[in-house]
Structures are given as C-alpha cells and as structure tokens.
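Thank you all for coming. I would like to walk through one model with you, taking the helix packing to begin with, then the pockets, and then a couple of points in the backbone.

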Amino acid sequence: KEITKKPHYTGSEAHTVVRNYLVNEFEQLGLTVEIQEQVAVNKKWRAATNTKNILARIKGTGTGKALLLLSHYDSNPHSSLGASDAGSGVVIILEGIRAFLTENKTPKNDIIICISDAEELGLLGANAFVNKHPWAKDVGLVLNFEARGSGGPSYMLLETNGGNKNLIEAFQKANTPYPAANSLMYSVYKMLPNNTDSTIFREDGDIDSFFFAFIDDHFDYHTANDNIENLDLETLQHQGSYLLPLLTYFADADLSLLKAQEDNVYVNFPFLKMITYPFSWILGMILIALTLFIGLVIYGINQRKL
C-alpha cells in the first residue's frame with residue numbers, strides 16, 4: 001500500500017519517496033543499505049539513465065558464490081501504480097528476508113539483495129549492477145521476482161546459457177510446496193524476445209537465474225489498474241511460497257555446481273509435485289506409449305468395445 005500510492009517511474013518525485021521508504025524498511029531489519037548510483041546504457045533498447053539501485057548484503061560463513069535476490073522498484077512510465085509489476089516482487093523479498101532473519105541462522109553463502117532501478121526503461125539497473133558493481137562477480141545464482149499481470153499462478157522459468165539439468169535438480173531438492181513449471185514453457189520462452197533483469201545477468205555475466213512471474217489478468221499490466229486492489233493475494237502468497245524454501249536451500253548450497261550442458265524434461269505431476277528426466281528417455285517413452293496404444297486398440301476391437 002505504501003509503495004503504490006502513486007506512479008513511481010524512474011525520475012519522478014514518487015520514485016524517490018518509494019526508494020527512501022524501502023531503504024528505511026531494510027535498515028529496520030538491521031541491514032546496511034547501499035545506493036548504487038550509476039549511469040547505465042542499453043544499446044539494444046537505445047536507452048540510458050542515471051540508475052539508483054538499492055543494495056544490501058548478508059554475510060555468510062563461507063567463501064563460495066553468493067545468492068542474489070532481485071526485483072525492481074520502478075513502475076512503468078505514465079500511469080501504472082506498479083503493485084504487481086514489480087511491487088509484489090519487492091515486498092516478497094522484504095518479507096522473505098524478515099522471515100529468514102528471525103531464524104537467527106548465519107547462512108553459508110552471502111545473500112545479496114538488489115532492488116533494481118529503471119527496469120522498465122531497458123533493464124538499466126540490472127545493467128548497472130552486472131557491469132559496474134564489484135559484488136556482481138560474487139553472484140552464483142539469482143532468484144528474480146516479476147509479473148506480467150495481476151493474478152494467477154506464478155510460473156517458474158529459467159535463464160541459463162547452458163543446460164537446465166543441475167538447476168532443476170536443485171530446485172526439486174529445495175522442495176517448494178506448489179511449483180508451477182514445465183519444460184515446454186521453458187523451451188518456448190527461450191525462443192521468444194521477452195526480457196527481464198535476469199536476461200542481463202545471463203547475457204552480460206553468465207549468471208543463472210530462476211525467475212518467477214504471473215501472467216493472468218494481463219490487461220492490468222502497465223496500466224493504472226496495476227493497483228493493490230487488483231493484485232490477487234493468493235498469487236502474492238504463491239510467490240512467497242517459492243522464496244523462503246529456495247532462500248533457505250541455496251543459502252547453504254554449493255552454487256558453483258549449477259552449471260550443466262544437458263537439458264532435462266520437467267513437468268508438474270500429481271502427488272510428486274514435479275518429475276524430471278533426461279531428453280534421451282523421450283524416444284523410448286514414445287515407443288512404449290505407442291505400443292500400449294496399439295495394444296489397447298487391438299484389445300478393444302477383439303472385445304468388440306471399439
């Protein structure tokens with residue numbers, strides 16, 4: 001409610017109010033907050049601005065790669081209030097960190113929080129962080145929270161330059177309670193020109209991301225209807241159900257082991273949440289299914305049921 005009172009696009013007065021509010025909220029959790037002020041340029045989008053990313057870091061006990069939590073705090077220019085895109089992601093991270101810190105556990109890996117600026121202008125805050133901030137070289141994995149609507153299930157997607165095998169297996173081990181994902185969606189996404197902040201991490205830093213986005217009620221997207229009244233609270237809860245298990249798991253996992261060359265098929269499955277198997281199984285599974293189908297047809301004809 002506080003950060004979506006007015007449109008808060010980059011450079012607006014409300015944008016500064018929202019940034020100050022979020023800085024104060026993170027500081028109240030005991031975190032030291034840094035504002036990365038950096039001119040960023042996206043040549044592909046022909047966009048540039050002076051970005052102000054909100055950054056914080058929780059130190060871990062180890063020396064391995066860091067986990068980065070990512071969303072953006074600017075709303076789309078003009079009339080959007082930015083409740084779903086991406087106020088929802090910002091508050092999920094804020095609440096997730098609050099819950100994580102109450103456990104009083106020191107993570108093995110550093111946890112970096114990046115609430116990026118100017119995403120709507122061309123992923124410029126992510127560009128500034130990946131290409132200019134010294135913490136970027138420490139990042140081993142990104143959890144990015146986004147929206148392209150105001151309701152519906154939150155889908156898990158991947159950004160990786162390699163295969164998804166190790167990422168999917170790690171995602172399963174984290175045991176999120178309500179995963180919504182399949183590799184068909186992943187394959188289609190890779191062929192589309194869509195971009196999120198995760199794209200910059202992949203293209204400019206070779207850093208893998210899980211990103212989570214909901215797409216129902218897409219007609220609210222980037223309009224004045226992207227307000228808190230239209231944001232589905234069950235959708236917000238679904239986003240939160242991803243963050244805490246993944247944060248807990250990846251805070252202690254070896255993030256240097258996530259790269260792979262192989263892609264796995266994965267799909268939601270009753271009772272098991274998600275199943276995954278190598279692409280090499282597909283031909284055999286098709287042959288088995290075809291054999292069973294032909295057998296069923298023959299049986300049906302013999303029994304005069306067809």
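Let me start with the place where Ala 170, Phe 171, Lys 173 and Ala 174 in α4 meet Tyr 242, Pro 245, Leu 246, Tyr 249 and Phe 250 in α7. Please bear in mind throughout that this is a predicted model. Sorted by class, the residues of this contact of α4 with α7 come out as 8 nonpolar, no polar and 1 charged. As for the geometry, the axes of helix α4, which covers residues 165-174, and of α7 come within 9 Å and cross at roughly 105 degrees. Angles of 65 to 115 degrees count as roughly perpendicular, and α4 and α7 are therefore roughly perpendicular to each other.

Staying with α7, I turn to its packing against α2. Here the axes of α2 and α7 come within 9 Å and cross at roughly 45 degrees, which makes α2 oblique to α7. The crossing of these two helices, α2 and α7, is right-handed. On the α2 side the contact is made by Ser 88, Val 91, Ile 92, Ile 93, Gly 96, Ile 97, Ala 99 and Phe 100, and on the α7 side by Leu 236, Gln 239, Gly 240, Leu 243, Leu 244, Leu 247 and Thr 248. In the contact of α2 with α7 we have 10 nonpolar and 5 polar residues, with no charged ones.

The next helix pair is α3, residues 124-132, and α6, residues 197-205, which pack at an angle of about 25 degrees with their axes 9 Å apart. Since angles under 35 degrees count as roughly parallel, α3 and α6 are therefore roughly parallel to each other. Their crossing, that of α3 and α6, is again a matter of hand, and it is right-handed. Ala 126, Asn 127, Phe 129, Val 130 and Asn 131 of α3 make the contact with Asp 197, Ile 200, Phe 201, Asp 204 and Gly 205 of α6. Of the residues in the contact of α3 with α6, 5 are nonpolar, 3 polar and 2 charged.

In the loop between α6 and β7 we find Asp 206, and Asp 206 has a positive phi of about 50 degrees although it is not a glycine.

Now to the pockets. Which residues lie nearest the centre of the largest pocket? They are Arg 148, Tyr 189, Asn 194, Asn 195 and Thr 196, out of 22 residues that line the largest pocket. The elements giving two or more residues to that lining are β6 (151-159), α5 (183-191) and β7 (209-216). About 550 Å³ of space lies in the largest pocket, and its lining has 13 nonpolar, 4 polar and 5 charged residues.

The second largest pocket has a volume of about 280 Å³. Its lining is made of 16 residues, and those nearest the centre are Lys 1, Ile 3, Gly 87, Val 91 and Ile 228. Two or more residues of the lining come from each of α1 (13-28), α2 (83-102) and α7 (233-250), and the largest share, 5 residues, comes from α2. By class, the lining of the second largest pocket divides into 10 nonpolar, 3 polar and 3 charged residues.

The peptide bond from Asp 85 to Ala 86 is cis, with omega near -5 degrees, and Ala 86 is found in helix α2.

Definitions and conventions
Residues are numbered from 1 along each chain as its sequence is written. This is a predicted model: local features need pLDDT of at least 70, side-chain atom pairs count only at pLDDT 80 or more; totals for chains, interfaces and linings use all residues. Side-chain values use heavy atoms; hydrogens and water are left out. Axes are lines fitted to C-alpha atoms, for helices over the stretch in contact, and angles run from 0 to 180 degrees between N-to-C directions. Helices (H or I, at least four residues) and strands (E, at least two) are DSSP runs, numbered from the N terminus. Angles under 35 degrees count as roughly parallel, over 145 as roughly antiparallel, 65 to 115 as roughly perpendicular and the rest as oblique. A crossing is left-handed if the near helix is turned anticlockwise from the far one by less than a right angle, and right-handed if clockwise. Contact means heavy atoms within 4.5 Å. Ala, Val, Leu, Ile, Met, Phe, Trp, Tyr, Cys and Pro count as nonpolar, Asp, Glu, Lys and Arg as charged, and the others, Gly among them, as polar. On a 1 Å grid over the protein atoms alone, a cavity is a set of points where a 1.4 Å probe fits but cannot get out, and a pocket is an open set with protein on both sides within 12 Å along at least five of seven lines; lining residues have an atom within 4 Å of a point. Grid points are joined across faces, edges and corners, and a volume is the space filled by probe spheres set on the points.
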